[in-house]
Amino acid sequence: MSMDAVSFWNRVKQLIKSNNTTQRGLSETIGLSARTLEIKIGRKSAPDVFEAYKIAQALNTTVEYLVTGEDSTHGEKITEIKNLLLLVNQNLDILNKEVQ
């Protein structure tokens, strides 16, 4: 599988915004100069594996998400939440029957 560097950096920029930080803030966190990060993003050049890992950690995500746009751990969390909601719904139904 080849990495789409454009999509990688687009996801990074989206996460920078959602994490209320800046490219400069990210560069400081990952130990890269602001100019180097700016050039990498501007040229859409793929980061090395260590940079990708540091970026993912700094933005509270996974390398998998940055590379593919998908995160398999989210699927597991969604399933867990659905199961909890079903349990809550069942308990609410039981409580409603007891109250009536």
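Guide: Helices (H or I, at least four residues) and strands (E, at least two) are DSSP runs, numbered from the N terminus. Ser-27, for instance, belongs to helix H2, which covers residues 23–30. The model is predicted: local features require pLDDT of at least 70 and side-chain atom pairs pLDDT 80 or more, while totals for chains, interfaces and linings use all residues. Residues are numbered from 1 along each chain as its sequence is written, and side-chain values use heavy atoms, without hydrogens and water.

Visitor: Is Ser-27 buried or exposed?

Guide: Buried means under 20% relative accessible area, exposed means over 50%, and partly exposed lies in between (1.4 Å probe, protein chains only). Ser-27 has a relative accessible area of 1%, so Ser-27 is buried.

Visitor: With which residues is Ser-27 in contact, leaving aside neighbours within four places in sequence?

Guide: Contact means heavy atoms within 4.5 Å. On that basis, and with those neighbours set aside, Ser-27 touches Leu-32, Ser-33, Ala-34 and Leu-37.

Visitor: How many salt bridges does a search of the whole structure find?

Guide: Side chains of opposite charge can pair when their charged atoms come close. A salt bridge is counted when a side-chain nitrogen of Lys or Arg is within 4 Å of a carboxyl oxygen of Asp or Glu. The search finds two. One joins Arg-35 and Glu-38 at 2.9 Å, N to O; both residues lie in helix H3 (residues 34–43), three residues apart, about one turn of the helix. Glu-38 is partly exposed, because its relative accessible area is 42%.

Visitor: Which side chain meets Lys-40 in a salt bridge?

Guide: That of Glu-51, at 3.2 Å, N to O. Glu-51 lies in helix H4 (residues 49–58) and Lys-40 in helix H3, so this pair ties together parts that are 11 residues apart in sequence. Glu-51 and Lys-40 are both buried.

Visitor: Why is the pair of Phe-8 and Trp-9 classed as it is?

Guide: Rings of Phe, Tyr and Trp (its six-membered ring) pair if their centres lie within 6.5 Å; planes under 30 degrees apart are stacked, over 60 edge-to-face, and the rest tilted. One aromatic pair is found in the whole structure. The ring centres of Phe-8 and Trp-9 are 5.0 Å apart and the planes stand at 85°, so the pair is edge-to-face. Phe-8 counts as buried because its relative accessibility is 0%, and Trp-9 counts as buried at 0% as well.
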